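Please walk through the structure below with attention to how its parts meet, beginning with a single pair of side chains and widening from there.

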Amino acid sequence: MKETICTIPINDVFGPKDGCPICRLHNMLEQNYLDYILGAAMMEPDVRVETNEKGFCTKHMHMMVGKGRRLQNALLLETHLERIKTELIPKSVKGKPDKKNIAALERLQDSCYVCDKISWGMEHMFQTVFASFSTDPEFKALFNEQPFICLPHYTMLIKSAAGKGGLKGGGLSEFYSASAALAGKYLETLKDDISHYCKMYDYRSKGLDWGNSRDAIERSVEFLTSERPDYIE
Ligand SMILES: [Zn+2]
Ligand SMILES: [Zn+2]
């Protein structure tokens, strides 16, 4: 299963042309993995070993509880808490805090089963993106038609393209400039919209049109962080 859960068709990611396609991929993988660990994975002991070991970040723990599967959440937490109890917080302590123990506690709180799986699934998809971009002109056109790529995903994409198993030579240059164009053009629009938004607070702008600037803050946050804040004036 672990592999099939992240085999999201490339067209489901790039086809809608609505927002950052890699955000869409991230959210699809996230939902798949959350449903999986609170569902079928209950029957897979090796998954539990991994969730006991890594735990979950704040965001994913909240999303898991938000799914409402109370018993499944409790079963996952039961063995995770047990592992922390037996391995990380000794019953009786003496002397100084142990550096190794502190490092293990910190490692636990920096790791997340779901985040790791999402990263794995994204890297997997990036390989497909690179291969399709270099060999399939239709996909290349579709890639270039994306509305934008957000900053964190632009960074991930170009890092992966330039890294091991990525692209080489002319293929790398072409992918780099196509990605930079998607992030860069959108950045330009955002900057103009934010400037317009600021200008609208000037008394001399009274009566002028807000244009596309009303949600410029939310769109900027979405571009910078991959997540659109849900508050809006
Ligand atoms: Zn994104
Ligand atoms: Zn996480």
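In this predicted model, the side chains of Glu 227 and Lys 59 come together in a salt bridge, with 3.3 Å from N to O, the term standing for a side-chain nitrogen of Lys or Arg within 4 Å of a carboxyl oxygen of Asp or Glu. Across the interface of domain 1 and domain 2, the rule finds one salt bridge. Between the two domains, three residue pairs are in polar contact, both residues being at pLDDT 80 or more (a pair of N or O atoms within 3.5 Å; within protein, one must be able to donate a hydrogen and the other to accept it, and residues adjacent in sequence count only if both atoms are side-chain atoms).

On the side of domain 1 that touches domain 2, the elements that give two or more residues are helix 2 (21-37) and helix 7 (113-135), helices being DSSP runs of H or I with at least four residues, numbered from the N terminus. Helix 7 gives the most to this side, with eight residues.

The protein chain is divided into domain 1 (1-135) and domain 2 (148-233), with bounds that come from an automatic or database domain assignment. The contact, meaning heavy atoms within 4.5 Å, takes 15 residues from domain 1 and 16 residues from domain 2. The centres of the two domains, taken over C-alpha atoms, are separated by 28 Å.

Residues are numbered from 1 along each chain as its sequence is written. Local features need pLDDT of at least 70, side-chain atom pairs count only at pLDDT 80 or more, and totals for chains, interfaces and linings use all residues, while side-chain values use heavy atoms, with hydrogens and water left out.

Conventions
Chains lettered and ligands numbered in written order.
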